[in-house]
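Let's walk through this structure together, one stop at a time. Keep the 3D view open and follow along as you read.

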Amino acid sequence: MTLRNIGILAHVDAGKTTVTERVLFATGATYKQGEVHHGTTVTDFDSQERDRGITIFAAAVTCHWRGAQINLIDTPGHVDFSDEVERSLRVLDGAVAVFDAVAGVEPQSEAVWRRADRYGVPRIVFVNKMDRPGADLDATVEAIRRRLHPVPLVLGRPGLVEQVAERHPDVLDEYPHVSPATLQRALRELTLSGEVVVVLSGSAYRNQGIEALLDAVVAYLPEPRVEARPFSGLVFKVAERTAFLRVYSGTLRKGDTVLDTTTGKTERVSRILRIQADRHTDIDRAEAGDIVAVTGPKSVRTGTTLADPAAPLVLEPPSTTEPVVSVAVEAETRAEHQKLAVALARLADEDPSIRVRTDPETGQTILSGLGELHLEVAVEKIRRDRGLTIRVGAPQVALRETVVEGVTGVLYRHVKQDGGAGQYAHVRIDVEPCDEPFAFASTVVGGRVPKEYVKAVEQGCRDALAEGPLGGHPVMGLRVTLTDGATHVKDSSELAFRTAGRLALREALRACRMAVLEPVTEVTVTVPDDLAGGVLGDLAARKGQVSGTEARPGTVVITATVPLAEVFGYATRLRSRTQGRGAFTTRPAGYAVAGRSR
């Protein structure tokens, strides 16, 4: 039996979960079609997902189609849960990108497409909602070509064979009498290379195009690559002490002892589970390429590698986005304080994009995440799962500091002698603005600072980035160049040069002209054309910079860059201003100067 590990990717409300439901029904994995608006879907099983009508947590299901086992992950479409998509893409071999035939390429569609590009995940396209008024397949395909840059090839449309013949020699050799087998093989090879993307269309809600989509998944998306080595697997999700695992090599059996390469501890796998969203079936073993859930390991975290203790290795974990929004949280009673601390620690283990810290000045517990909704969901999860009463402060954005104008020739002499071996390190550095978050270089010649000490200086500079001179915010957007230094034959060490690097950069930053940065977001607002003026005025009042407007029949789509802090509460304001007829989406747009500099 062949295997496919695929994800369903899309912008929120493009119909991902409905596509998943119809796939499960078509393959016989379910015997009743679930509906998002009825709260009866298989993959959106969490109470918050059903209450809110959106996918929040990536959910895995297994089904079978024409001799292939398909492990399918339905991923969130909302920008606040983009790290759930990131973690899923890390373990997937292929993906189905779903687009709304009316809305076309929406902001989060583009964002998840870029993430799939970064992981080299081949994909096919399903243009959904073709039954809706205003659906336009040609316009959607053209938007995919223009904004995402693959060559979209629409199956079953005139000119397909000619387009493939232009790109594949086997089809060209047989042209014009190309066999179906040759055409399919060529399309598969072109899809795997990323040169083209196969496009299908239909309406998931009305069960149109689902069987053709399944055929395309089996025909064009890749089988897992299997390594001939002992067991290894990557944990891409943790929920209630159940670890969701992609097996990359070897075989995992129930009762095996595995090594958690993050903690160095060995743990016993008590159960292996075939995943069906919130339902699981016990199995005895999992082979390379499979996606399963396991129980038993107690300290496992998202991103952990589990491996054969006799052949340890570390698989690259999914990347994690830095939080941009924070709230203060506290338990209602002193008796619940410790329970809240335990719940927050468990939450951070399950979702690495959640950060928990204690404010050193106020003693408050600070919960940080990727957006207002992300934190709302996290707090509500603790309330419901743990039965705790929690007070939550107003959201605050995560500020940064940056170098506007640098300095040169900052000399720092670190000399310490208090009996025994001393510390001696002299460094001279230049600091300048940089487009990267942080860059480091050395122009020292003549061996005045040995290589191992240069690395220590760089690490010391990285240490200094934690707190800037304006308000103690993390520093980004600078380049440090080590230009000179001096050592002592006995008292120089890596520790001394790391300390000198940290203190030299702190001193240099105090001499630089600095600015405070705030996170900004790209807001895309869709409103009736007769209400666009009021919405534009409101965006201007929120310090928004409009970058474009697009007229559609009866509506206007406005794109603007707005400080993230100004977006808090915008959903309520937009509903009020447009009598519930307006909608908006956001995506991160980096940082911009907040207006306070020196």
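The side chain of Thr 182 makes a polar contact with the side chain of Glu 174, at 2.8 Å. Keep in mind as you look that this is a predicted model. The side chain of Ser 179 is also a polar partner of the Thr 182 side chain, again at 2.8 Å. Is Thr 182 buried or exposed? Its relative accessibility is 4%, and because buried means under 20%, Thr 182 counts as buried. Leaving aside residues up to four places away in sequence, Thr 182 touches Asp 170, Val 171 and Glu 174.

Thr 182 belongs to helix H8, which covers residues 180-193.

Now follow H8 to its packing partner, helix H9 (residues 210-220). The two helices pack at an angle of about 75°, and their axes are 9 Å apart. Angles of 65 to 115 degrees count as roughly perpendicular, so H8 and H9 are roughly perpendicular to each other. On the H8 side you will find Gln 184, Leu 187, Arg 188, Thr 191 and Leu 192, which meet Val 218, Ala 219 and Tyr 220 of H9. Sorted by class, this contact has 5 nonpolar, 2 polar and 1 charged residues.

Next, compare a second pair, helix H10 (residues 337-350) and helix H11 (residues 372-386). Their packing angle is about 125°, with the axes 11 Å apart, and that makes H10 oblique to H11. The crossing of these two helices, H10 and H11, is right-handed. Which residues of H10 and H11 meet? From H10 come Leu 340, Ala 343, Leu 344, Arg 346, Leu 347 and Glu 350, and from H11 come Ala 378, Lys 381, Ile 382 and Arg 386. The contact of H10 with H11 has 6 nonpolar and 4 charged residues, but no polar ones.

Our last stops are about backbone angles. Most residues other than glycine have a negative phi. His 149, though not a glycine, has a positive phi of about 75°. You can find His 149 in the loop between helix H5 (137-148) and strand E6 (151-154), and with a relative accessible area of 59% it is exposed. Lys 543 is not a glycine either, and its phi is positive at about 65°. Lys 543 lies in the loop between helix H14 (532-541) and strand E30 (545-552), and at 55% relative accessibility Lys 543 counts as exposed.

Note on methods: Residues numbered from 1 in each chain as written. Predicted model: local features only at pLDDT ≥ 70, side-chain atom pairs only at ≥ 80, totals over all residues. Heavy atoms only, no water. Axes fitted to C-alpha atoms, helices over the stretch in contact; angles between N-to-C directions. Helix = DSSP H or I, 4+ residues; strand = E, 2+ residues; numbered from the N terminus. Parallel < 35°, antiparallel > 145°, perpendicular 65-115°, else oblique. Left-handed = near helix turned anticlockwise from the far one by under 90°. Contact = heavy atoms within 4.5 Å. Nonpolar A, V, L, I, M, F, W, Y, C, P; charged D, E, K, R; others polar. Buried < 20%, exposed > 50% of the residue type's maximum accessible area, 1.4 Å probe, protein only. Polar contact = N/O pair within 3.5 Å; in protein donor to acceptor, adjacent residues only side chain to side chain.
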